[in-house]
Amino acid sequence: MRTLFLNPPSFEGFDGGASSRWPASREIESYWYPVWLCYPAGMLPDSKVVDAPPHKISIEQTVAMAKDFELLVLYTSTPGFHVDVKIAEMMKDANPKMKVAFVGPPVTIEPEKTLRGNPAIDFVVRREFDYQIAGYAKGKPLEELPSVSFRKNGQIVNNPEGPAIENLDELPWVTKVYQRDLDVTRYNVPFLLNPFISFYTSRGCPALCTFCLWPQTHSGHRWRLRSADDIANEVRFAKEAFPHVKEIFFDDDTFNYQKARTIELCKKLKPLNFTWSCTSRVTTDYDTLKAMKEAGCRLLIVGYESGDQQILKNIKKGATVEMAQRFTDNCHKLGLIIHGDFIIGLPGETRDSIRKTIDFAKRLDTETIQVSIAHPYPGTEFYDYVKNNGLITIDSMTDETGHQLPNIIYPGLDRGELVDWVERFYGEYFFRPRVIWRIVRKAIFNGDERKRLTKEAREYLALRSKRKRFVAQQKAEAAAAASGD
């Protein structure tokens, strides 16, 4: 079956699925690669991957593609699900013979609800879907495919869960699919060198963070590894296929989880002489970081989440504030750049804990930060917590353009105040003389960076203004409700 793998158009600038762990439109327009779709696409030579958001492909253009395919595989996300369903319906209307499969966290968690409420969807694959999609496209019946849910004789059939893929070396290289179907210059993440490409060296994450989407809904907690040789060989291919690319990002849930494996891999990467970045936990020691730096590592994405020890305990982070400080000091000594991720609104959050986190972030003084609003995605332990404690609201988790809005409230912290704290966090962090100088220095000495930073500044200031309006609206509504009482 000729197969279309689709990361669908949605909100303008929305990075909604196929490789985004935190589906949303971000402060600055960013796009990750649709890695999950590219694995099964690599098994089907006559398939096509369409990553609509970064390639600026409209809904109308997407629907027009329906006539050319027999199978549509759409990676969906919780914020974008309803728009994704509408697109699938339109494509099915344009080509009634086309089969439609949905994959991604929302349909993994609620396969029966998905199928009962959306007749345009023929089947869903829960969790990993690589071999199931390839098997179906090659003629295998749904009844024989593990982890598939579908309709039969008016009933929903949920096939037994299949085992996790253990031999990752048998999977195709996604970089070959990038070369075939994607324009790599369309992908931008503000803290990575541009252009960049990304792929995985492992699947799964042994960490138990309660809020994290993928290990709980998609890739699992079992940590499975590609061999160092296979990774090095894909890097060699990527360097030849994309000579203009400035950086490779290893987008694993946790790249350097195990010291021995990381050092072994670094020995294979070092002779290749290229710049790379990756994710990291603060539990990584100095020797491992040193091996990474010597092998060409430039930057680490680090999930600090909070500067309050009780919050870290509440979310089962498996790390302490002291570990985070020591790790950061080691990175600074080695010249490794850090992009720090923080979250406002995790279980137990108060004004005091937020203040601790802001002050902690300023002490760490990483190169860049991202501050997210905590979102309880269905299927996560965090979701169960807020639902069981009556903390979740019926409000949407995004606004009309896909930007994050809180859909949880804590005693003494309403939705408006959570958004206000995010803006205060950014303001206090970035409007410090040393940080301003870091940014200005880049703009002075690098013309490409100057253009990029100017664009990013416009996008951020526009969103900042929008958030301030939201906060003012929430305060006005609260005041009106109080006066009404």
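1. The model is predicted: local features need pLDDT of at least 70 and side-chain atom pairs pLDDT 80 or more, while totals for chains, interfaces and linings use all residues. Numbering starts from 1 along each chain as its sequence is written, and side-chain values use heavy atoms, with hydrogens and water left out.

2. I444 belongs to helix α18 (residues 433-445); helices (H or I, at least four residues) and strands (E, at least two) are DSSP runs, numbered from the N terminus. With a relative accessible area of 49%, I444 is partly exposed, where buried means under 20%, exposed over 50% and partly exposed in between (1.4 Å probe, protein chains only).

3. What is the strand order of the open sheet? Its six strands follow the order β8-β11-β12-β13-β14-β15, with parallel pairing; two strands pair if DSSP finds at least two bridges between them. β8 (196-199) and β15 (368-373) are the edge strands, each pairing on one side only. From one strand to the next, the twist averages 20°. Axes are lines fitted to C-alpha atoms, for helices over the stretch in contact, and angles run from 0 to 180 degrees between N-to-C directions.

4. Two helices that pack on the sheet may be taken together. Helix α10 (residues 228-241) touches β8 and β11 (247-250), its direction making about 150° with that of β11. Helix α17 (residues 415-430) touches β14 and β15, and its direction makes about 175° with that of β15. Contact here means heavy atoms within 4.5 Å.

5. Strand β11 is covered on both faces: E247 and F249 on one side, and I248 and F250 on the other, are all buried. β11 runs parallel to β8, joined by four bridges, and parallel to strand β12 (residues 276-280), joined by three. F250 is the bridge partner of F199 and also stands opposite C278 in β12.

6. Helix α7 (residues 130-137) is largely enclosed by the rest of the structure, because seven of its eight residues are buried. These are D130, Q132, I133, A134, G135, Y136 and A137. G139, which follows α7, has a positive phi, near 110°.

7. The structure holds 31 salt bridges, a salt bridge being a side-chain nitrogen of Lys or Arg within 4 Å of a carboxyl oxygen of Asp or Glu. K317 and E305 form one, at 2.9 Å from N to O. K317 lies in the loop between α13 (309-314) and α14 (321-334) and E305 in strand β13 (residues 297-305), so the pair ties together parts that are 12 residues apart in sequence. Both K317 and E305 are buried.

8. R432 and D365 also form a salt bridge, with the closest N and O atoms 3.0 Å apart. This pair links distant parts of the chain, 67 residues apart: R432 is in the loop between α17 and α18, and D365 in the loop between α15 (351-364) and β15. Both R432 and D365 are buried. A network of salt bridges links D365, E367, R432, R434 and R438.
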